[in-house]
Amino acid sequence: MPMMASSQIEAWVLENGDHSNSVTPKQNNSKFKRTAHTLSSSSLRKKSDLGFVSRLQSGSLLRQLLGNLQEVVLGTKLFILFPAVPLAIISHYCHFGRAWTFAFSLLALIPLAERLSFLTEQIAFFTGPTVGGLLNATCGNATELIIALFALFRGKIDVVKYSLLGSILSNLLLVLGTSLFCGGIANLKKEQKYDRKQADVNSLLLFLGLLCHTLPLLVRYTSSTSTLAFDPTLQMSRVISIVMLIAYVVYLFFQLKTHREFFEAKEAEDDAEDDIINAEEAVIGFWSAFAWLAGITVLIALLSEFVVGTIEYASSSWGISVGFLSVILLPIVGNAAEHAGAIIFAFKDKLDICLGVALGSSTQISIFVVPLIIIVAWIGGIPMDLDLNILEIGSLGLSILITAFTLQDGTSHYMKGLILMLCYIIIAVSFFFAKFPVKPSNILNLGSQSSLEETFSV
């Protein structure tokens, strides 16, 4: 077998011992290329000191377990939030209060989402560039997808729609806005530039998603539904979702094959001096990464069930509407790790990575997660559609337009970031004062006039 890098050999021996015949990482000529998403997550990782673990017997179970714990649990700057995981579980089963369960679950999801990204990247090192890129692209918003699925099967269609809409708004306005603002403040005496190619592609796909969300609302208002035998928006939404998934598959082919250079993160030569982990090889073995990935996914699913099941009680206890919690609070927690990573890279004048994180995540939510949820609901016999009310469509459409205008010239300064942040604050205020009714067992008719009246009545 060709010689691997010394750091990779150390991790491999730590994982399997000197005589391992297990799956080995792909060779350097076909290694996995890191994207903006994986680089952003790496900014929250810290180097592990394996001195004590390396003195244990090679290949022993204790050595493997301690080495994995060192890398997975202590290998992130967010490890101080891990105690929230047992606290959320104890709070739920010991009945400390459902509002406390909701709060602890939200905090626990922050480090788990970052570790999910880390483990996906570790597996990608063993699968080659194409499969690895597909894994990272598909699992980039796994936390939001899991929460949406639990809300869907509990019949909370409004929570599903609001949380996914909030993820798009959070990435476009809050994550990108904060990154541009911080980068502009840190680099006042220089003009910040970025490559527009990736931003142009993502903007087009976001406008496609906006069109798909707008048409059901337009059909509802231009058609006389009283003369129709059935409501057309549900059937429209299902067909449109299939088209959106086809567009996402083509986008993946475009991203991973034909125009990969548009999406590969450009790492500067001085990265070695930065306080950022720029690992080029896996630090744990394939099967260990897979086992940890499965375990963390189960934990995220459990905590997501807690969040979905207690959101109404938290709303009542805190005096905040479920709509605000779903549109604003849930997405902020789900994007916290990416948000922090994007800001770190913005300070280092690496805006291409910031744009890749914010726009890439928004695009994936818009043309992959949303239509996938619609198809899953269709299979499960749940009548979920793409129909949104005017407040939501207006917020989404104006956010995409403002972001597209902000990125049109390929340069940035702090004023652009400030405007995006202020737009997000204004939208948050609107959803805070808009009272959304909660109907767990029935679909919320977000496009009807009666819903609009309820929405704006405080």
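Q: How many helices and strands are there in the protein chain?
A: This is a predicted model. The protein chain has 18 helices and 2 strands.

Q: What share of the residues count as buried?
A: Of the 458 residues in the protein chain, 55% count as buried. The accessible surface comes to about 19500 Å². Carbon and sulfur atoms own 67% of that surface.

Q: How do I read contacts along the sequence?
A: Look at how far apart the partners sit in the sequence.

Q: Where is N171, and is N171 buried or exposed?
A: N171 sits in helix α9, residues 157–186. N171 counts as buried because its relative accessible area is 0%, under the 20% cut-off. Its side chain reaches the backbone oxygen of S167 at 2.8 Å. Leaving out residues up to four places away in sequence, N171 touches L176, N335, E338, V357, A358, S361 and S362.

Q: How do I read a helix?
A: Start with the general rule. An α-helix has 3.6 residues a turn, so residues three or four places apart point the same way. Now take α16, which has 17 residues. From first C-alpha to last, α16 reaches 24 Å, close to the 24 Å expected at 1.5 Å a residue. Its buried residues include L391, S395, L396, S399, I400, T403 and T406.

Q: Which residue caps the N-terminal end of α16?
A: N389 does. A side-chain oxygen of N389 lies 3.2 Å from the backbone nitrogen of L391.

Q: What does T406 touch?
A: T406 belongs to α16, residues 390–406. T406 is buried, with a relative accessible area of 10%. Its side chain reaches the backbone oxygen of I402 at 2.7 Å. Leaving out residues up to four places away in sequence, T406 touches L180, Y194, T411, K416 and L420.

Q: Which helix gives the largest share of the nonpolar patch?
A: Helix α17, residues 414–433, gives 8 residues. The surface patch covers about 890 Å². Its members include I185, L188, Y414, M415 and I419.

Terms used:
Residues are numbered from 1 along each chain as its sequence is written. This is a predicted model: local features need pLDDT of at least 70, side-chain atom pairs count only at pLDDT 80 or more; totals for chains, interfaces and linings use all residues. Side-chain values use heavy atoms; hydrogens and water are left out. Patches are made of residues with over 30% relative accessible area and no salt bridge: like charges are joined within 9 Å, nonpolar side chains (Val, Leu, Ile, Met, Phe, Trp, Tyr) within 5 Å. Accessible areas come from the Shrake-Rupley method with a 1.4 Å probe; for residues, only the protein chains shown count as cover. A salt bridge is a side-chain nitrogen of Lys or Arg within 4 Å of a carboxyl oxygen of Asp or Glu. Helices (H or I, at least four residues) and strands (E, at least two) are DSSP runs, numbered from the N terminus. Buried means under 20% relative accessible area, exposed over 50%, partly exposed in between (1.4 Å probe, protein chains only). A polar contact is a pair of N or O atoms within 3.5 Å; within protein, one must be able to donate a hydrogen and the other to accept it, and residues adjacent in sequence count only if both atoms are side-chain atoms. Contact means heavy atoms within 4.5 Å. The expected span of a helix is 1.5 Å times one less than its number of residues.
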